[in-house]
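Visitor: I am new to this structure. Please take me through one part of it closely, and start with a ring.

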Amino acid sequence: GRGSGTFGTPPPVGRPGSSRGYSSPVMDASQRELARNRAAEAAEPGTPGVVTEAHIAALEDAIRDALRARRSVYEGSQDLLLRLFKAVDDGSGDVDCNEFAGVCAQIGVSVSPAEARALFRRFGYDAVMPYEVFAHTLITQPARQLAQDMPVRKGAFTPGASANFHGKVLYRYCRKPVYTPSNWDPALADRSADMPLARLVIEFVYGYQGVENTGQNLFYTADGKVVYYTAGVGVVYHRPPVHHQQFFLAHTDDISSIAICPAAIDVDGRQYPGRTLVATGQVTSVEEGPFVCVWDSRAGSAPADGAATVPELVRLKFDKEARGIVALGFSPTGTRLVAVATDNMHSVYVYDWRKQRVLFTGKGQMGDPPQVYGVEWNPYEATHGATPAFVTFGRKHIKLWTGDAGGTNWQSKQLSFGKLPMQNVTSVQWLPPRQGPESLIVAGVADGSLYIYKGSAAIKSIAAHRPGPQYIQADGHPAHGGVRGLRVCKGGSVLLSGGADGTVLQWDISDGTLAESRFAGPSMQLKSPFGPSDKWAPRIRALDYSPELDSIIVGTNNCDINELTPTTTDTLMDGHSGDVYQLAFHPAKPNIMATCSDSGHVHLWDTVTRSMTHCAAVGFTPRCVAYSAAPIASTGSYHLAVGGAKGAVKVLDEGANLRPLHDARDSKEGVMDLKYSPNARFLAAATADTWVDVYSVERGYQRVARCSGHSSTVRALDWSADSSMIQTASADLELLTWNVRTGKQITMPVRDAEWATYTVCQGFPVMGIWPDYADGTDVNAVDRSKDGRFLVTADDRGLVKLFNYPVVVEDAPHRAYRGHSSHVMGARWNANDSLVCSVGGRDWAIFQFRVVHLDPAAPPPAPPKPVWGPLDPQGRAYGFTTNPVSLAPGAAAAAPPPPAELGDAGPSALQPPVGGYAAPGAGPHRALPAHMAGIPEEPSQGQVAGGASFASDGDPGEPLARNPAPTRMHADDDSISLGGGISQEL
């Protein structure tokens, strides 16, 4: 009977005729697991009596294993449990918490009242529970039980359709079924089918393309700004103290070349000063071939106004066979533009760009791209009467192109290296003519030397820079960086050279020649941003000079931009020098974020000052980074965990300038993701070894559990809000849940678990993030906003997308933001949801987006209120209408009175009539046919004669309900007869 159960432990129940107790290794393990969960929750501060999902799962396992240890061939586990329950049953078929605990005690499992109540709630009951349901569910295999008892749906919800479904969902991009929460609200699916009431506005782009550029890609503008490109964005940078950027966002893929127009020019009647117009070329994209954009650097998309792009003047399109544009160059007068493609012939195009007309096409250099690195015009065409000419240069070649005044006929000639070693030519400048129009050509080469060309051959080599370290070219061969920066300045009297040794030299060329060790000023040396321990100085990749500022701008292979004077060196832009795969925001400081790159460094950034604040080497190739959720007691500060190659995990003290605290290496393959638990007591590391290691922070990062069961690389993980479970997603689209205290997989669905973060790409709340063309690998990262309203994704098409959360409808509406040129590998919200930052993998860039919340759209205007009036010019038919018909001359002017019940009817009460309308003078049981009333015989659904449109109570387009039998509606009680057996109120 009720209350007869006891929490004591009677003699053990076993096989009939046996008097001994039962135990087994499995039973002992489950009991130990249950004890660990109890001890862990008892030690958890501030949560007394809380029973977590992992705790309940451990309790179920303990009961199940205890029954298996006591079963026999004569009595199975379910029969044994039912026999014990029936012994305390009062005939109701139910047990309360006390009776349940007493039965469990008989099989050797102690159950507290809190545990019993939590287990009852898990099975959907409160004070009492039908024990037959419990016994069946407990013993039956979880997968089989779910297949029998739950409705199944295939695919995410459909926009506009009902989402009133509670059960199991199977969809293509997750190997395991997912489940609707117990309290699922179908209205959330309607919200998922709407555009989010927020948008992202790009505020700042960290980095500069200093790794894969082959030619000059950094320029001063006439007004002292700096123009360059990063990923797929053209950037106009306002130097300090403004420290602000404008963006050109019209490109759809990687920008691969840039040039600035040196002369003032007229375009469509408007004058543009010199060094204000910029041309940028990109590689071919999925949708279209490469193209070149010419745009004005003075007007831009300031973050304050959120404009999409700066004004684009001209777009020059190429076929897909061109593959991309590797080099660009404006003529000295600015009227012509040379573009070099990356097809196998490296085709050279000469454009009259203002008219978008090709003047000439020629073969540049045969071979796998990139063979051509850059193009340089002879700048003395207008000032010294030189023949129009330009040179293209690159892999072990330099070629001179000369043309006529019209620019339509160009001849090319390969220049010889003479007696000098054949090398890659990495930069070119024309020296001022000494006598007549002929100029010497200076070429920077791979070993750091400067070759001087006269006529058609190199005549001299001058030692200038050290060769610097080797790097691997696109074709796989090693090479030195060489002299990447050359610029004639100060009225043609000085030649600046920047080399792979990080040095800028000032050469005296006042007499039109270049001589060994003849300098016009002191050399300037760049220092490594990674400190004196870095044996290699930054390699200069581009260089320019501003006569207005008398300063030099250089871009380096570390993706930094530095401004130099003879006495100062200022870093204008910090960047990464390796691939960037993940970032993490500080949990308490919304302006602080951490990134890690394949260069072996961890960087801390301040999004307010938009600068790098700290940088530390970790000694391995890092791939993931995570902040602790709270300060750690042992140090009193936040910890920063970094994971990477060969299972390495390093913990840094964020409060002590990234001082190393702990190193671990418990896996052979790479660590793909790291997360601290919300209570900051555990750290979980997802690895490519197909398991997840759990470390105890309080025990000095000792490994306390290993969750093993995936069949592929574990890509991401999330902690439950109570820190008892983690969910993990693998590369083969498998989503699993684990008890972190034991490392055991939780096989029952945890549909109602609350997750502290949501960064896995599988699961019910994110099943609508996948586009139609996806194969399951397209989305690389997701992150839910802290307030749970929005979700951002990062994908292989270079897009950052913003969704409403949860995302449960197929191909859910979203806002997409382009700019990254590579696969976007990570995207995260900051601590107060005011920013989203993304990292672009191989484009080495961070994009900082500001979140702008939008006001809901104004509701559509209310439909006009129908009035009682004539429906035809003769005045024979009257009814409610929003567009009364004008009566013909001589027609009856007096209108019949409106039905009393309908006189105040609003639009919501009106429904589309079918068949005919009641006419004046018609009998109470007579309907006027449609053709007699002068209206269409079959008015369209939702459309009343006269033009009024109405919707049914259900979805738009829902068919009208039919009565089982025709219904007559009497005119004398304010109703009309409708044909076809359809009853509608007016």
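Visitor: Does Tyr 351 count as buried or exposed, and at what relative accessibility?

Guide: Tyr 351 counts as buried, because its relative accessibility is 6%. Buried means under 20% relative accessible area, exposed means over 50%, and partly exposed lies in between (1.4 Å probe, protein chains only). This is a predicted model: local features need pLDDT of at least 70, side-chain atom pairs count only at pLDDT 80 or more, and totals for chains, interfaces and linings use all residues. Residues are numbered from 1 along each chain as its sequence is written, and side-chain values use heavy atoms, without hydrogens or water.

First, the setting. The protein has 986 residues, and 55% of them count as buried. Nine helices and 63 strands are found in it. Helices (H or I, at least four residues) and strands (E, at least two) are DSSP runs, numbered from the N terminus.

Now the rings. The protein has 32 aromatic pairs. Rings of Phe, Tyr and Trp (its six-membered ring) pair if their centres lie within 6.5 Å; planes under 30 degrees apart count as stacked, over 60 as edge-to-face and the rest as tilted. Take Phe 85 and Phe 100. Their ring centres are 6.1 Å apart and their planes meet at 20 degrees, so this pair is stacked. The pair links distant parts of the chain. Phe 85 sits in helix 3 (residues 77-88), Phe 100 in helix 4 (residues 97-106), and 15 residues separate them. Both Phe 85 and Phe 100 are buried. Compare the pair that holds your Tyr 351. Its ring and that of Tyr 349 have centres 6.5 Å apart and planes at 35 degrees, so the pair is tilted. Tyr 349 is buried too, with a relative accessible area of 17%.

Phe 100 is one of the eight. What do the buried residues of helix 4 pack against? Four of the partners are helices: helix 2 (53-70), helix 3, helix 5 (113-122) and helix 6 (131-139). Strand 1 (94-96) and strand 2 (128-130) complete the list. Contact here means heavy atoms within 4.5 Å.

Gly 108 lies in the loop between helix 4 and helix 5. Is Gly 108 buried or partly exposed? Gly 108 counts as partly exposed, because its relative accessibility is 36%. Leaving aside residues up to four places away in sequence, Gly 108 touches Gln 31 and Arg 70. Ile 63 is 45 residues from Gly 108 in sequence. In space, the C-alpha atoms of Gly 108 and Ile 63 are 8.5 Å apart.

One last look at the whole chain. Take contacts between residues at least 6 apart in sequence: 52% of them join residues at least 24 apart.
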